[in-house]
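Me: I have a structure open and want to go through it with you. Can we start with the overall numbers and then pick out some details?

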Amino acid sequence: MGGERHEPPPDAFEAELDQIDALNRLEAPRPQPPDGPDAAEGERSGESAEDARRRDSLLISAGHSVAGADSLDEALRLAAGLYAPEFPLDGQCVFGIDEGNLTALGQYGFKPGGASRGFRMPMTTGYPAAEVARTGRAVYLASTDEYRRRFPATWHMSARKGREAWAFLPLVTAGRVVGVWLAAFRTPVAFTAAERALLTMTSRMIAQVLERARASRAELALSRGLRRSMRTAGAALTGLSVATRYVPTGGGLMVGGDWYDSIDLPNGRLALVIGDVQGHDVHAAGLMAQLRTAVHAYAAEGHGPDAVLARASRFLTTLDEDRFATCLYIEADPSTGDLHIARAGHPHPVLRTPDGTCLIKHISGGLPLGLMPGEEDYPVDTVRLHDDEILMLCTDGLIENGGHDMYTGWVRVRDVFSPGPVDDLEGMADRLMAAVLSPGPGGREGAAARDGDDIALLLLRRDAGQPRAEVSQRRLVLTVGQHQGEGLSEARAELKALLHDWARPDQVDTAVLLATELLGNVLVHTDQDGALTAYVTGEAGRRRLLVEVMDRGDELPHQRAPGELASSGRGLLLLDILADQWGVRPEPEGKTAWFALAEASPADNGDAATA
């Protein structure tokens, strides 16, 4: 999503130049001697109104050009346009301040390497630029004699270089001197009030350019760090393969508002995320980093797709009420290929079947994140991904870059996505990016990337021929009500029956104990019923038990450190000690506590007893 670029307002230039013009008019009636150093000034004071208007027009043009420069070198080159016979600007240099020293940041009009190569001077030196850096006050030297008299220790540095007047002005941003601008002239200059005002205005413009250049370097460092955090996604879970690509565009940054993520969830599933924060600037990049981290955290906590997006939307609102973001979140189950998908204003995914047919998979969706606080409703659709099918997630830059609309851009993507072997997922991602980024007839290489929107791409494939966890061979579902005292006893008996042939009887006792603790927590600490679901999957001897207990209470349990005589507070402690995995997953209504046990062989029990 694009952002506007704001140019500096022109009114400031005209206001400054009006002051300069007023100063010129005040100086014009002053009589001047016909000869001597001030003769040129006399001619200048007596200039016609037409000459003054023409000069002011040139100054306005130069001021606008300098203020809009993209680099310090360009600003100095444009500032050279202030030259006139009565204002013989002949050379410039900008000094920076670095740990108590002056350093040369750029120059124009001096011999290459002469004014800037290896220049480093302590600010305690008796040099005009050092004095300006220390005091923040400009220094004007109208002749070589004045230079020699005021700075005897360093005046020789500028002698024999064909200049006869110098102005050193502070470059100030946010009330702080960040550098010094040197303007050198080939003939003596009196530095009247109007001339000083002109030089002061120019120094302000150069200071703005210098600050923008420093900010751009900081933004570039930030964007590089953010992009490093979005490197190619790691290996997906068994049975799923993932390929990712990211290409930034406008603003000169290496990252914008687009992002993707791949997250291992605590229940053995995989979360896949793709999103797009409005804008291309560093603010969009910063919001993207914070939003990406928040989504990752909500997912790791065990929230479902709808809850992740709802919480992310509220989080974005607290950061910036003027920006929104689109997002698509998938919770994938590698054992079944089921994808639980929630969408917040993001483009629909594209499904590619094994024969190359591509179709847009329409997913129910809600509003973009952060758009309307209090309206966070994100329905969840379930899609099953079959062997060798590929789901493509992308941001709108992949579709629309190069001047395409959503229809023609989709046709372009389909024609590239459809052919090719299904097992070359990385090659497929490369071809998709090349189709969008390659220049059209007569176009420049990379122009599509620089001039269009950011692009994030994520491909998800369900691999054929991979060993899969068996779909639940046994399943137990029951509910224990608040007023069903016998319900716990019945639940224990049914769970034992479900595990009648489990290899290790002690593991059966452990499972019954932990399930009783989860159900007991619901009955004791809430006024809700407890719903238990147990799954046994896999082959005998290598099976896995998953027990989930769901209730509609809002309060999440937390682990405590009970005393020796405490009658409660040990449930989560037991889970942590006895279960192979466990967790608490918030639901749209309520929560689910779960644990998992992997079947151990009888030999393991003997080894433990021997130890």
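**Chain overview and selected elements**

Reply: In this predicted model, residues 24 or more positions apart account for 65% of the contacts in the chain that have a separation of 6 or more.

Me: How many helices and strands are there in the chain?

Reply: The chain has 17 helices and 21 strands.

Me: And what share of the residues is buried?

Reply: Of the 611 residues in the chain, 48% are buried. The accessible surface is about 29,200 Å², and carbon and sulfur atoms hold 51% of that.

Me: Switching to strand 9. Why is it largely enclosed by the rest of the structure?

Reply: Strand 9 covers residues 270–277, and eight of its eight residues are buried, so the rest of the structure largely encloses it.

Me: Which residues point which way from it?

Reply: L270, L272, I274 and D276 point one way from strand 9, while A271, V273, G275 and V277 point the other way. Both sets are buried, D276 included.

Me: What does strand 9 pair with?

Reply: Strand 8 (residues 258–264) pairs with strand 9 in the antiparallel sense over seven bridges. Strand 10 (residues 325–333) also pairs with strand 9 in the antiparallel sense, over eight bridges.

Me: How many residues sit between the strands in the hairpin of strand 8 and strand 9?

Reply: Five residues lie between the strands of that hairpin, and G268 takes a positive phi near 80°.

Me: How many bridges join strand 12 to strand 15?

Reply: Three bridges join strand 12 (residues 350–352) to strand 15 (residues 390–394), and the two run antiparallel. V350 has M392 in strand 15 as its bridge partner.

Me: How far does helix 12 reach from its first C-alpha to its last?

Reply: Helix 12 has 13 residues and reaches 19 Å, close to the 18 Å expected at 1.5 Å a residue.

Me: Which of its residues are buried?

Reply: The buried residues of helix 12 are L425, G427, M428, A429, L432, M433, V436 and L437.

Me: Last one, A133. Where does it lie?

Reply: A133 is in helix 5, which spans residues 128–135.

Me: Buried or exposed?

Reply: A133 counts as buried because its relative accessibility is 9%, under the 20% cut-off.

Me: What does it touch, leaving out residues up to four places away in sequence?

Reply: With those left out, A133 touches I97, L102, M123, V177 and V180. M123 is ten residues from A133 in sequence, and the two are 7.3 Å apart in space, C-alpha to C-alpha.

Notes. Residues numbered from 1 in each chain as written. Predicted model: local features only at pLDDT ≥ 70, side-chain atom pairs only at ≥ 80, totals over all residues. Heavy atoms only, no water. Helix = DSSP H or I, 4+ residues; strand = E, 2+ residues; numbered from the N terminus. Buried < 20%, exposed > 50% of the residue type's maximum accessible area, 1.4 Å probe, protein only. Contact = heavy atoms within 4.5 Å. Areas by Shrake-Rupley, 256 points an atom, 1.4 Å probe, with all protein chains shown as cover. Pairing = 2+ DSSP bridges. Expected span 1.5 Å × (residues − 1).
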